[in-house]
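I opened this notebook to work through one model from start to end. The entries below keep the order in which I looked things up.

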Amino acid sequence: MASKAYFLFAHMIVYLLATKTLITNVNAAGGPCGKTPIQSAALSLSPCLTAGGNAKAKVPPMCCTKVNALINTAPKCLCAVLLSPLAIKAGIKPAIAISIPKRCNIKRRPVGKKCGRYIVP
C-alpha cells in the first residue's frame, strides 16, 4: 500500500511540473491559500493521498497534522486543493477527502461549511 502512495505522490509531482496550466496561479496576496501557491499547498498534503481516495484507509498522522495546520491558517485553501484538477488527477475523491478532518478528529474543522458541492462533516 505504501508503494501505491509513493507512486501517486511521484505521479502528482511529475504532473504538476508538466502541466502548470491545469491549476490557476494564485494571486500572491489574495488567493484561497494566501501567499502560498495552490501547487505548494497541494504538495504539502501528499501524506493524505491514500486517505483522500479511499474512505476505509487509515488517515496517517502526518496528514492530520498538515490538514489541521491548513484549517488553522487558511481553511479556504483546503477546499481549493481538494477541488483542484491536480488532486482529482492524483486520485483524490473530493467526497471522501472532505471527510479527512473528521476522520482526524480535528475539533476546529469548519463543520457545515460548503466546499464546492460538498459539505464538511
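**Entry 1: a loop residue on the surface**

I began with Arg108, which is exposed at a relative accessible area of 68%, where exposed means over 50%, buried under 20% and partly exposed in between, with a 1.4 Å probe and protein chains only. Arg108 sits in the loop between α8 and β1; helices are DSSP runs of H or I with at least four residues, strands are runs of E with at least two, and both are numbered from the N terminus. Leaving out residues up to four places away in sequence, I found Arg108 touching Ile71 and Asn72, a contact being heavy atoms within 4.5 Å. Between Arg108 and Asn72 there are 36 places in sequence, and their C-alpha atoms lie 8.1 Å apart.

I noted that the model is predicted, that local features need pLDDT of at least 70 and side-chain atom pairs pLDDT 80 or more, while totals for chains, interfaces and linings use all residues. Residues are numbered from 1 along each chain as its sequence is written, and side-chain values use heavy atoms, without hydrogens and water.

Most residues other than glycine have a negative phi.

**Entry 2: the chain as a whole**

I then stepped back and recorded 8 helices and 2 strands, in the order α-α-α-α-α-α-α-α-β-β along the sequence. The chain has 121 residues, and 41% of them count as buried. Taking contacts between residues at least 6 apart in sequence, I noted that 58% join residues at least 24 apart.

**Entry 3: helix α5 and its cover**

Which residues of α5 are buried? I listed Cys77, Leu78, Cys79, Ala80, Val81 and Leu82. Since 6 of the 8 residues of α5 are buried, this helix is largely enclosed by the rest of the structure. The cover over these buried residues includes α2, α4, α6, α7 (94-97), α8 (100-103) and β1 (114-115).

For α4 (residues 61-73) and α5 (residues 75-82), I noted axes that come within 5 Å and cross at roughly 125°; the axes are lines fitted to C-alpha atoms over the stretch in contact, with angles from 0 to 180 degrees between N-to-C directions. That makes α4 oblique to α5, since under 35 degrees is roughly parallel, over 145 roughly antiparallel, 65 to 115 roughly perpendicular and the rest oblique. On the α4 side I found Val67, Leu70, Ile71 and Thr73, meeting Pro75, Cys77 and Leu78 of α5.

**Entry 4: the core**

The largest nonpolar core has 33 residues, of which Leu45, Val59, Val67, Cys77, Leu78, Val81 and Ile100 touch the most other members; such a core is a set of buried Ala, Val, Leu, Ile, Met, Phe, Trp, Tyr and Cys residues joined through side-chain atoms within 4.5 Å. At least two residues each come from α2 (38-44), α3 (49-53), α4, α5 and α6 (85-89), and α5 gives the largest share, 6 residues.

Apart from neighbours within four places in sequence, Val59 is in contact with Ala51, Cys64, Ile100, Arg103 and Cys104. Lys58, in the loop between α3 and α4, is exposed with a relative accessible area of 71%.
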